[in-house]
Amino acid sequence: MRIISARKIRDTVSDLCLEANLFLRKDVLTALRVAYSKERNKRAQEILQAIIKNALIAKREKLAICQDTGLPCVFVEIGENVQISGGLKRAINQGVELGYEKGSFRDSIIKDPLSRGNPGYQPAIIHIDIVKGNKIKLTVLPRGFGCENKAQLRMFKPTASITQVKEFIVQAVRDAGPDACPPYVVGVGIGGTADYACFLAKKALLHGTRYSAHRTKLERDLLREINQLNIGPMGLGGETTALAVNIETQPTHIAGLPVCVNISCHALRSASEII
Amino acid sequence: MLNTKLKVGDKIFFSGTIYTARDQAHKRLAEALKKGQRLPIDLKGAIIYYCGPTKTPKGKIIGSCGPTTSSRMDEFTPILLKAGLAGMIGKGARSQEVIRAIKKYKAVYFLTYAGCGALLAKYVKKAKPVAYKDLGPEAIYQLEVRDFPLIVGIDARGNSVYKGASTKIK
């Protein structure tokens, strides 16, 4: 049994909050550069250029990539042979508080969803999974709400066709339209239960955006269709409406077919570390 | 002032004063107007920027400060325009009601680079909170900007930049 201290977890989460909010993910930056080189719409090119420049300024000046430093979602994969000395959730929330304070990030979280109140930095949304081994993997995904607000869930009949599922996913992007900072990365969760499909859609955003042989046909077809919507960067038209479509699936019940779409803005931020 | 000459799709660089205000500040401004109370800022000829900046890092004028989704402000916008608001800066589409009010009061809705808060911070030369400070990032800040990049999203004639793309967008 390996012992990992809560303090180590706190400090790692703090570093990851800074990394995620200040340094745009390499795969996202590459996808933006590729899109810029392929885009033929002048205004779209100009906006993509501004987005790339923004990432470089954020890195150089230690300014948050986006003022919406989000609701931090923390994914924890704990090895079966790990023992944590101290409280895990407390350590994560302390880490978030520390990192966000260090970065002068925005306090965007209010304690009560109905009565609202004054904003602070936490609590984070924490997803815990138990895996093999003696390590812990921590991932911080700050979720801006311009795009989180565009998430959609539909419980399809089990007899629904793939075409219907595809139409729903494309429509969710059309609904987001110019509002959620396109070009998007589209996370899709298919299967499981209602809540689990939503979790998978979120988790799918952690996948790389790069085109590869591992991309499924469904992902490639959807990306092509979405990029024909002519929404484009900032919704002002162009061929770059999405940088990638990432799908996660899970076995489900004979009576159902849950599908959730969780859209990310172009500032798709996350950072991971294994301890 | 600037309004009637500007056409949808025009790109301009604005220098002058703008005020940040987002959801909660809008709710308060609209409530105050309905009750006939004095507003903490003069809306006549003013430009509101839908923005809630990060905290200001040490040694900086302002933190990251990009636009937030404008449509969340739609229900409060007509009453602010009636009170003299001349311009708005944000991202994304507006409701038909807002477009009609923009036309009626000869205002302008601008877009600026969405998701580019670090870049936009470069154009802010002064920043101070002037109202609703209890709201934290949702307080109203007075910003002095120089060459702030704007694209006309809806002009004073009620033309919207999203018409082409947005007939499909709904």
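**Domains, cysteines and one threonine**

Between domain 1 of chain A and domain 2 of chain A, three residue pairs are in polar contact, both residues at pLDDT 80 or more. A polar contact here is a pair of N or O atoms within 3.5 Å; within protein, one must be able to donate a hydrogen and the other to accept it, and residues adjacent in sequence count only if both atoms are side-chain atoms.

Before going on, the ground rules. The model is predicted, with local features needing pLDDT of at least 70 and side-chain atom pairs counting only at pLDDT 80 or more, while totals for chains, interfaces and linings use all residues. Residues are numbered from 1 along each chain as its sequence is written, chains are lettered from A and ligands numbered from 1 in the order in which they are written, and side-chain values use heavy atoms, with hydrogens and water left out.

Back to the domains. Domain 1 of chain A covers 2–19 + 65–143 and domain 2 covers 146–267, with bounds from an automatic or database domain assignment. Their C-alpha centres are 26 Å apart. Eight residues of domain 1 of chain A contact 12 residues of domain 2 of chain A, where contact means heavy atoms within 4.5 Å. The two domains bury about 730 Å² between them, 70% of it on carbon and sulfur atoms; that is the accessible area (1.4 Å probe) that two parts lose on being put together, summed over both.

The rule finds one salt bridge across this interface, meaning a side-chain nitrogen of Lys or Arg within 4 Å of a carboxyl oxygen of Asp or Glu. The side chains of A:Arg143 and A:Glu148 form a salt bridge at 2.8 Å, N to O.

Next, cysteines. How many disulfides are there over all chains? The count is zero, taking a disulfide as a pair of cysteine sulfur atoms within 2.5 Å. For A:Cys147, the nearest cysteine sulfur is that of A:Cys265, 4.0 Å away. For A:Cys198, the nearest is that of A:Cys260, at 3.5 Å.

Last, chain B. B:Thr20 sits in strand 1 (residues 11–20); strands are DSSP runs (E, at least two residues), numbered from the N terminus. B:Thr20 is buried, at 0% relative accessible area, where buried means under 20% (1.4 Å probe, protein chains only). Its side chain reaches the backbone oxygen of B:Ala139 at 3.3 Å, and a polar atom of that side chain lies 2.9 Å from the backbone nitrogen of B:Tyr141.

How values were computed. Helices (H or I, at least four residues) and strands (E, at least two) are DSSP runs, numbered from the N terminus. Buried means under 20% relative accessible area, exposed over 50%, partly exposed in between (1.4 Å probe, protein chains only).
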